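Good morning, colleagues. Please look at the sequence and the structure now on the screen, and I shall then take you through them.

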Amino acid sequence: MKKLPIGIQDYKKIKEGNYTYIDKTKYILDLISSEAPIFLSRPRRFGKSLTISTLYYLFKGEKDLFKGTYIYDKWEFKEYPVIRISLLDTTNDTEEELKDGLLRIIKREARKYGIKIESDHYKYAFDELIFELSRKERVVILVDEYEKPILDNINNKEKAEKYREILRNFYVSIKSNDEYIKFVFMTGITKFTKTGVFSALNNLNDISLNKKYAQILGYTQEELERNFKEHIKETALEMNMKEKELLKNLKMYYNGFSFDGESSVYNPFSILRFFNERKFQNYWFESGSPSFLYEYIKGKKIRYEDLVKYPVSELDFSTREIEEANASIFFTQSGYLTFKGKEQYGMEYEYLLDYPNIEVKNSFSKIILEANYELERGKIKEINKTIWKAIREKDMEGIIKEIKRIISAIPYNLHKKEESYYHSLIYTILASAGLNVTAEELTNLGRSDIVIEEDVIYIMEIKIDKSAEKALNQIKEMKYYEKYKGKEIYIIGININSEKRNIDEYKIEKI
């Protein structure tokens with residue numbers, strides 16, 4: 001059984017170390033035939049750095065490393081000078097630190113080729129390196145995490161803009177030295193804007209939302225089942241599950257990331273960690289920056305309803321700089337939201353947004369409860385246990401009582417007299433417990449407010465200042481339960497009293 005390449009981003013180490021490798025070279029072969037600079041944005045820990053590493057060894061002409069891959073007999077392996085830049089290697093507490101960091105990267109790359117850089121200016125040093133390397137052969141440039149200094153300062157607009165100007169001056173060297181360059185590939189978390197870092201690179205080919213490359217990073221269902229056969233078998237035995245059940249749970253927990261609104265992929269980091277630990281846990285989410293997310297959510301007063309209410313278009317991703325973009329745009333680019341479908345209007349597409357899977361939904365909801373509703377972390381943990389116990393015992397009354405208790409603990413000044421406020425809040429409470437819960441579940445007759453889909457199906461309709469009976473009748477009239485026929489189903493009508501700021505009536509029926 002091949003080893004799991006957890007935390008290994010070097011292609012050569014993976015191939016020589018007998019680690020599992022998911023062959024993406026069919027996509028790469030297509031990319032390297034392009035003359036225009038290519039840009040790809042994806043969330044963190046999605047394989048961007050491994051892709052950069054794969055391209056590095058391709059252009060270094062190391063053909064033996066590619067035995068057994070799609071590209072092996074389809075590419076004329078030839079060595080090119082490669083400039084490899086990762087902005088993970090820079091510190092950026094000040095503008096001078098960033099400039100110095102960029103200069104150090106360029107000088108380090110130059111030393112690999114025995115070149116001494118004369119200039120001490122980060123931009124001119126880059127120009128010099130490109131020119132000197134091109135004396136032998138046209139140059140390949142690979143850039144990883146192109147915007148990290150900006151993202152590190154997303155809550156400081158003034159600083160972010162100063163760093164953007166520095167990076168703009170740096171990357172313009174790619175455009176001005178076009179005649180000396182063979183191939184350019186750049187990655188980051190966020191897409192660029194027309195006036196941003198890459199404003200001078202008007203020939204940049206952005207493939208981030210290109211359907212053709214929707215599965216270039218991440219694992220498809222077929223790739224998962226083919227490449228992790230032995231891990232699936234052993235994990236299913238250890239967890240006392242059938243393989244079919246394990247695959248179903250893996251899909252719910254870790255699949256669902258979509259970059260075209262149609263196909264989806266698993267996050268590689270979560271899958272590798274899962275097979276290593278052999279337990280369901282929020283691996284990808286917890287490897288990120290919860291403290292940063294907490295401040296961002298708290299500062300913008302974000303709730304679930306605000307994130308998924310409106311579809312977004314491709315244009316929404318490139319009209320504003322990331323620190324000024326709507327929260328839904330930022331969270332989509334960083335992987336906390338994803339495309340869950342698309343609608344066409346004339347020649348334009350709009351994408352529907354939602355959490356990709358249970359892992360993200362669960363962790364993100366906990367942070368929203370803590371940051372937005374001022375619930376303590378310990379209290380949230382206690383809530384989660386109570387709700388899970390009630391679900392196991394099919395005690396819907398117990399869950400509603402717990403929801404009432406939580407709502408009463410939220411400061412009165414945070415409440416809003418809107419149905420959407422309570423939809424969002426109740427959904428977030430249930431999602432924070434790790435339940436397979438969806439909001440505004442689409443049926444052919446309309447949309448139900450909240451659906452919990454565990455061993456038993458619970459369909460909830462929420463009204464404000466009306467009646468639980470009216471809410472219950474809407475579920476019946478619209479037949480929200482039809483798509484779940486054959487399963488055990490409960491429907492729940494809930495009424496919120498806006499003066500009491502809480503649930504004052506509910507009705508539960510079994511279908």
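Let me begin with a definition. On a 1 Å grid over the protein atoms alone, a cavity is a set of points where a 1.4 Å probe fits but cannot get out, while a pocket is an open set with protein on both sides within 12 Å along at least five of seven lines; lining residues have an atom within 4 Å of a point. Grid points are joined across faces, edges and corners, and a volume is the space filled by probe spheres set on the points.

What you see is a predicted model, in which local features need pLDDT of at least 70 and side-chain atom pairs count only at pLDDT 80 or more, while totals for chains, interfaces and linings use all residues. Residues are numbered from 1 along each chain as its sequence is written, and side-chain values use heavy atoms, with hydrogens and water left out.

First, the chain as a whole. The protein chain has 20 helices and 13 strands; these are DSSP runs numbered from the N terminus, helices being H or I of at least four residues and strands E of at least two. Its radius of gyration is 25 Å, close to the 24 Å that the globule rule gives for 511 residues, so the chain is as compact as a globular protein of that length. That radius is taken over C-alpha atoms, and the rule is 2.2 Å times the number of residues to the power 0.38. Of the 511 residues, 56% count as buried, meaning under 20% relative accessible area with a 1.4 Å probe and protein chains only.

The chain is divided into domain 1 (11-213), domain 2 (220-372) and domain 3 (374-510), with bounds from an automatic or database domain assignment. Between domain 2 and domain 3, the contact takes 17 residues from domain 2 and 25 residues from domain 3, where contact means heavy atoms within 4.5 Å. The C-alpha centres of these two domains lie 23 Å apart.

How many cavities of 30 Å³ or more are there? The count comes to four. The largest cavity has a volume of about 140 Å³. It is lined by 16 residues, of which Ser 41, Leu 209, Phe 259, Thr 332 and Gln 333 lie nearest its centre. Two elements, α15 (327-333) and β7 (338-345), each give two or more residues to this lining, and domain 1 and domain 2 each supply at least three.

Next, the second largest pocket, with a volume of about 1,100 Å³. Where does it lie? Domain 1 and domain 2 both give residues to its lining, so the pocket lies between them. Among its 40 lining residues, Arg 44, Arg 45, Phe 46, Lys 48 and Glu 145 lie nearest the centre. Helix α3 (48-59) gives the most to the lining, with five residues; α6 (148-151) and α11 (268-277) each supply at least two.

Seven of its ten residues are buried, so α11 is largely enclosed by the rest of the structure. Its buried residues include Phe 269, Ile 271 and Phe 274, and among the elements covering them are α8 (221-227) and α16 (358-372).

Finally, a single residue. Ser 173 sits in helix α7 (residues 157-176) and, at 0% relative accessibility, counts as buried. Beyond its neighbours within four places in sequence, Ser 173 is in contact with Lys 123, Phe 126, Asp 127 and Ile 130.

Methods:
Buried < 20%, exposed > 50% of the residue type's maximum accessible area, 1.4 Å probe, protein only.
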